[in-house]
Amino acid sequence: MAKDKAAPGATIIDVDQYPPLLEEEAAAAFLTELSLRDTSKRANTALETKRVQISHAVRGYIEILEKALRTNDIPTIIQQAHEIRGLAANAGLEAVGRLADGLYKYVDTATRLEASVDAQVISLHINAIARASTTASEAKAYGEAVATELSALVAHKLQAINRLKTKPV
């Protein structure tokens, strides 16, 4: 067991020290049930019945994200991008999730490295997220390409930050 420097009162437990959640026989039955085609079908049906609600929730997060952009509220941008990237695919908005993932990685990494973020990169991501969430046909046609290009931009920006942060003094 090691102490966590970021959380001094916490102890990190090795993976093999966690007790099993299920007995071995119950775990095997659970995995078998999950692998059944019927289980997958039921799960997809359940998701489908909630897709509209999930989509509305994602759009609500996007509104908060847009407001955070206008007020330069970086912690809220990180939080909302994280929420969006987790829910978007369940709402049938895969491109939105991919774009939000890129935004999250960029802002979170830059913040953790105590580097300034490029407001234009954030704005590009948020505008693309908003657009992809409202026009499904465009999201399907262009979403992947836009996400790929923004991902390349984020990688370039983070490499520049890393070079500055690791530059010998």
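Analyst: In this predicted model, the chain contains six helices and two strands. Read from the N terminus, the order of elements is β-β-α-α-α-α-α-α.

User: How do you know how the radius of gyration of the chain stands against that of a compact globule?

Analyst: For 169 residues, a compact globule would have a radius of gyration near 15 Å, whereas the chain has 20 Å. The C-alpha trace spans about 55 × 50 × 25 Å along its principal axes. Of the 169 residues, 27% are buried. The chain exposes about 11600 Å², and 57% of this area is supplied by carbon and sulfur atoms.

User: What share of the contacts between residues at least 6 apart in sequence joins residues at least 24 apart?

Analyst: The share is 59%.

User: What makes a set of residues a nonpolar core, and which members of the largest one touch the most other members?

Analyst: The members must be buried residues of nonpolar types such as Ala, Val, Leu and Ile, joined through side-chain atoms within 4.5 Å. The largest such core has 34 residues, and V96 and L103 touch the most other members. At least two core residues come from each of helix 2 (37–71), helix 3 (74–87), helix 4 (94–112), helix 5 (119–134) and helix 6 (136–166). Helix 4 gives the largest share, eight residues. In soluble globular proteins, nonpolar side chains tend to be buried together.

User: Which residues does V96 touch, not counting those up to four places away in sequence?

Analyst: V96 touches V58, I62, I84, A88, I129, A132 and S133.

User: Why is S133 called buried?

Analyst: The cut-off for a buried residue is under 20% relative accessible area. S133 has 4% relative accessibility, and therefore counts as buried. S133 belongs to helix 5. Apart from neighbours within four places in sequence, S133 contacts R59, I62, L93 and V96. The S133 side chain also reaches the backbone oxygen of A130 at 2.8 Å.

User: Which other residues of helix 3 are buried, and what covers them?

Analyst: Besides Q80, the buried residues of helix 3 are I74, T76, I77, I78, A81 and I84. Their cover includes helix 2, helix 4 and helix 5. Helix 3 has 14 residues and reaches 20 Å from first C-alpha to last, close to the 20 Å expected at 1.5 Å a residue.

User: Why does G102 count as buried?

Analyst: G102 has 15% relative accessibility, and so counts as buried, since the criterion is under 20%. G102 is situated in helix 4. Not counting residues up to four places away in sequence, G102 touches H125 and V154. G102 and A155 are 53 residues apart in sequence, with their C-alpha atoms 9.2 Å apart in space.

User: Why is N72 called exposed, and what is noted about its phi?

Analyst: An exposed residue has over 50% relative accessible area. N72 has 56% relative accessibility, and therefore counts as exposed. N72 is placed in the loop between helix 2 and helix 3. Phi of N72 is near 55°, a positive value in a residue other than glycine.

User: How do you know whether E114 is buried or exposed?

Analyst: E114 has 68% relative accessibility, and so counts as exposed, the cut-off being over 50%. E114 lies in the loop between helix 4 and helix 5. Phi of E114 is near 55°, a positive value in a residue other than glycine.

Technical notes: Residues numbered from 1 in each chain as written. Predicted model: local features only at pLDDT ≥ 70, side-chain atom pairs only at ≥ 80, totals over all residues. Heavy atoms only, no water. Buried < 20%, exposed > 50% of the residue type's maximum accessible area, 1.4 Å probe, protein only. Helix = DSSP H or I, 4+ residues; strand = E, 2+ residues; numbered from the N terminus. Contact = heavy atoms within 4.5 Å. Polar contact = N/O pair within 3.5 Å; in protein donor to acceptor, adjacent residues only side chain to side chain. Expected span 1.5 Å × (residues − 1). Rg over C-alpha atoms; globule rule 2.2 N^0.38 Å. Areas by Shrake-Rupley, 256 points an atom, 1.4 Å probe, with all protein chains shown as cover.
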